[in-house]
Amino acid sequence: MTGKVYRKRAMHEFGRKNNTFHVKEMLTFLNNYKNELGKKHRSIPCSMPQLVSLLIGDSNFTKVSDGMWKYTPDKDWFGD
């Protein structure tokens, strides 16, 4: 699996916990994401441009205002 798949899973995990959020909150979550053993996950950290690009490309995330995003889960997404 590529890092993009792991990143998307973590993004959806964050979206389920925080329905409306600022992009910086998600960036902090991804850059500090830990696996089941408590270690930082190597494939998930990203930069702001990468994260914004992933959010724009994912139909489950909608931009609400400048920097604010909303998670609206799609019933067809089976990433977990």
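1. Strands β2 and β3 form a hairpin that has two residues between them, and Gly67 in the turn carries a positive phi of about 85 degrees. Strands here are DSSP runs (E, at least two residues), numbered from the N terminus, as are helices (H or I, at least four). The model is predicted: local features need pLDDT of at least 70 and side-chain atom pairs pLDDT 80 or more, while totals for chains, interfaces and linings use all residues. Residues are numbered from 1 along each chain as its sequence is written, and side-chain values use heavy atoms, without hydrogens and water.

2. β2 and β3 pair in the antiparallel sense over four bridges; two strands pair if DSSP finds at least two bridges between them. Thr62 stands opposite Lys70 in β3.

3. The open sheet consists of three strands in the order β1-β3-β2, with antiparallel pairing. β1 (20-22) and β2 (61-65) are at the edges with a single partner strand each, so one side of each is left without a neighbour in the sheet.

4. β1 is joined to β3 (residues 68-71) by three bridges, and the two run antiparallel. Phe21 has Trp69 in β3 as its bridge partner.

5. Helix α2 (residues 23-31) packs on the sheet and touches β1, β2 and β3; contact means heavy atoms within 4.5 Å. The direction of α2 makes about 80 degrees with that of β1. Axes are lines fitted to C-alpha atoms, for helices over the stretch in contact, and angles run from 0 to 180 degrees between N-to-C directions.
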